[in-house]
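My entries follow in the order I looked things up.

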Amino acid sequence: MKHLSLFAASLLFSAGVFAGAADHVSVQDPYVRLAPPNAPATGAFMVIRNNGDKDVKVLKADNPVSKVTELHTHLNEGGVMKMRPVPAIDIKAKGEAVLKPGGLHVMMIDLKAPMKEGDVVPITLTFDDGSSKQVEAKVVRPMAAGMPAMEHKH
Ligand SMILES: [Cu+2]
């Protein structure tokens, strides 16, 4: 199985090597939030910059670690923050999309194996022109990622 997913990942990677939106996109600080033990899903976060002069959409994300990968956002529905899949993440020309906890994220659903801190997950982003880019997202504990462990309510 491991070989198969590595093979699939390398196919995805080589398929992405051609000129296109991916050439104008840079990704900063990609990371995966370490899921609590037995958690079925977790999120990946990053800043996606579009250095080109055309708008770009991320249509899809893939990774070899989870069975399903979706693009999600958080929406406030009646005072409750809920995650919802989105069909695409838009990045304006010379703009950026910030994927962060409580906002847009790459949702990794149905993890094939438990992760540990320091693991590196290759995430492949596919753009609306069919080009793609692979980023290496490091697995970090929520604390290490600068997220508050708990909201303090007074
Ligand atoms: Cu989500």
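I began with β1 and β10, which run parallel and are joined by three bridges. Val32 stands opposite Val139 in β10. I count two strands as paired if DSSP finds at least two bridges between them. Helices (H or I, at least four residues) and strands (E, at least two) are DSSP runs, numbered from the N terminus.

I then checked the other partner of this strand. β1 and β2 pair in the antiparallel sense over six bridges. Gln28 has Val47 as its bridge partner in β2.

**Ground rules.** This is a predicted model, and I used local features only at pLDDT of at least 70 and side-chain atom pairs only at pLDDT 80 or more, while totals for chains, interfaces and linings use all residues. Residues are numbered from 1 along each chain as its sequence is written.

**Confidence.** I looked up pLDDT, the predictor's confidence in each residue, from 0 to 100. The protein chain has a mean of 87, and 81% of its residues reach 70 or more. Over residues 147–154 the pLDDT stays under 50. For that stretch the model has four contacts beyond four places in sequence. I call two residues in contact if their C-beta atoms, placed from the backbone, lie within 7 Å.

**Overall make-up.** From the N terminus the order is α-β-β-β-β-β-β-β-β-β-β. Among contacts between residues at least 6 apart in sequence, 70% join residues at least 24 apart. Of the 154 residues, 29% count as buried. My cut-offs, with C-beta atoms placed from the backbone, are 20 or more other C-beta atoms within 10 Å for buried, 12 or fewer for exposed, and partly exposed in between.

**More pairing.** I moved on to β4, residues 66–77. β4 pairs with β8 in the antiparallel sense over six bridges. Glu70 has Met107 as its bridge partner in β8. β4 also pairs with β5 (residues 80–85), antiparallel, over six bridges. There, Asn76 stands opposite Met81 in β5. β4 and β5 form a hairpin with two residues between them. In the turn, Gly78 has a positive phi of about 60°.

**Core.** Which residues touch the most other members of the largest nonpolar core? They are Ala44, Ile123 and Ala137, in a core of 30 residues. The elements that give two or more residues to this core include β1 (25–33), β2 (41–50), β9 (120–127) and β10 (132–140). By nonpolar core I mean a set of buried Ala, Val, Leu, Ile, Met, Phe, Trp, Tyr and Cys residues joined through C-beta atoms within 7 Å.

I listed the contacts of Ala137, not counting residues up to four places away in sequence. Ala137 touches Pro30, Tyr31, Val32, Ala44, Met46, Val120, Val121 and Ile123.

Is Asn50 buried or exposed? Asn50 is buried, because 23 other C-beta atoms lie within 10 Å. Asn50 lies in strand β2. Beyond four places in sequence, its contacts include His24, Val25, Val56, Ile91 and Gly95. Asn50 and Ile91 are 41 residues apart along the chain, with their C-alpha atoms separated by 6.3 Å.

Asn63 lies in the loop between β3 and β4. Asn63 is buried because it has 23 other C-beta atoms within 10 Å. Leaving out residues up to four places away, Asn63 touches Thr69, Met108, Val121, Pro122 and Ile123. Asn63 and Val135 are 72 residues apart in sequence and 9.9 Å apart in space, C-alpha to C-alpha.

**Ile91.** Ile91 counts as buried because it has 21 C-beta neighbours inside 10 Å. Beyond four places in sequence, Ile91 is in contact with Ile48, Asn50, Asp55, Val56, Glu96 and Ala97.

**Positive phi.** Most residues other than glycine have a negative phi. Asp29, in strand β1, has a positive phi of about 50°. Asp29 is partly exposed because it has 14 C-beta neighbours inside 10 Å. Asp110, found in strand β8, has a positive phi of about 70°. Asp110 counts as exposed because it has 11 C-beta neighbours inside 10 Å.
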